[in-house]
Structures are given as structure tokens and as C-alpha cells.
Amino acid sequence: MKPLKEKISITVDEDLLEKIRLLAEEDDRSLSQYINLVLKKHIEKTEKD
């Protein structure tokens, strides 16, 4: 069973958002999928340290 998802609203600097969009496109992912991936990796790294 897939984990449940919840919609949120955040404010992101315009230059950062453009970079994230480009990286998501290069990775062939939606913006939302890419942000989820980056956050998961960050949390895993933080928990290891």
C-alpha cells in the first residue's frame, strides 16, 4: 500500500524554484516527486549523522 500524501503550501525563492524545476526535469520527475525525493534523502542523511 502506498503511503498517504498530504497537500501543503510553501513559499520558495524564485531562483531556487527555477533550479529545482530544472533538476526535476533532468531527472524526468514532476516537481512534487522531485521535492519529495530530495526531502527524503535529506532526512535519511540527517538521521545517519
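The model is predicted; local features require a pLDDT of at least 70 and side-chain atom pairs a pLDDT of 80 or more, whereas totals for chains, interfaces and linings use all residues. Residues are numbered from 1 along each chain as its sequence is written, and side-chain values use heavy atoms, with hydrogens and water left out.

The chain contains 2 helices and 0 strands, where helices (H or I, at least four residues) and strands (E, at least two) are DSSP runs numbered from the N terminus. Its C-alpha atoms fill a box of roughly 30 × 30 × 25 Å along the principal axes. Of the 49 residues, 6% count as buried; buried denotes under 20% relative accessible area, exposed over 50%, and partly exposed the range in between (1.4 Å probe, protein chains only). The chain exposes about 5300 Å², of which carbon and sulfur atoms supply 54%. These areas come from the Shrake-Rupley method with a 1.4 Å probe, and for residues only the protein chains shown count as cover.

Helix 1 comprises residues 14-26. At 1.5 Å a residue, its 13 residues should span 18 Å, in agreement with the 19 Å between its end C-alpha atoms; the expected span is 1.5 Å times one less than the number of residues. Pro 3 lies in the segment before helix 1 and is exposed, with a relative accessibility of 63%. The C-alpha atoms of Pro 3 and Asp 27 are 22 Å apart in space, at a sequence separation of 24 residues.

The loop between helix 1 and helix 2 (31-48) contains Asp 28. Although Asp 28 is not a glycine, its phi is positive, at about 55°. Most residues other than glycine have a negative phi. Asp 28 is also exposed, at 72% relative accessibility. Within helix 2 is Leu 39, which is partly exposed at 47% relative accessibility.

The chain carries 10 positive and 12 negative side chains, and the centres of the two sets lie 6 Å apart. Lys and Arg count as positive and Asp and Glu as negative, while His and the chain ends are not counted; the place of a charge is taken as NZ of Lys, CZ of Arg, CG of Asp or CD of Glu. The structure holds 1 salt bridge, defined as a side-chain nitrogen of Lys or Arg within 4 Å of a carboxyl oxygen of Asp or Glu. This salt bridge joins Arg 29 to Asp 27, with the closest N and O atoms 2.7 Å apart. Arg 29 is partly exposed, with a relative accessible area of 36%, and Asp 27 is likewise partly exposed, at 35%.

Asp 13, Glu 14, Asp 15 and Glu 18 form a negative surface patch. Patches are made of residues with over 30% relative accessible area and no salt bridge, like charges being joined within 9 Å and nonpolar side chains (Val, Leu, Ile, Met, Phe, Trp, Tyr) within 5 Å.
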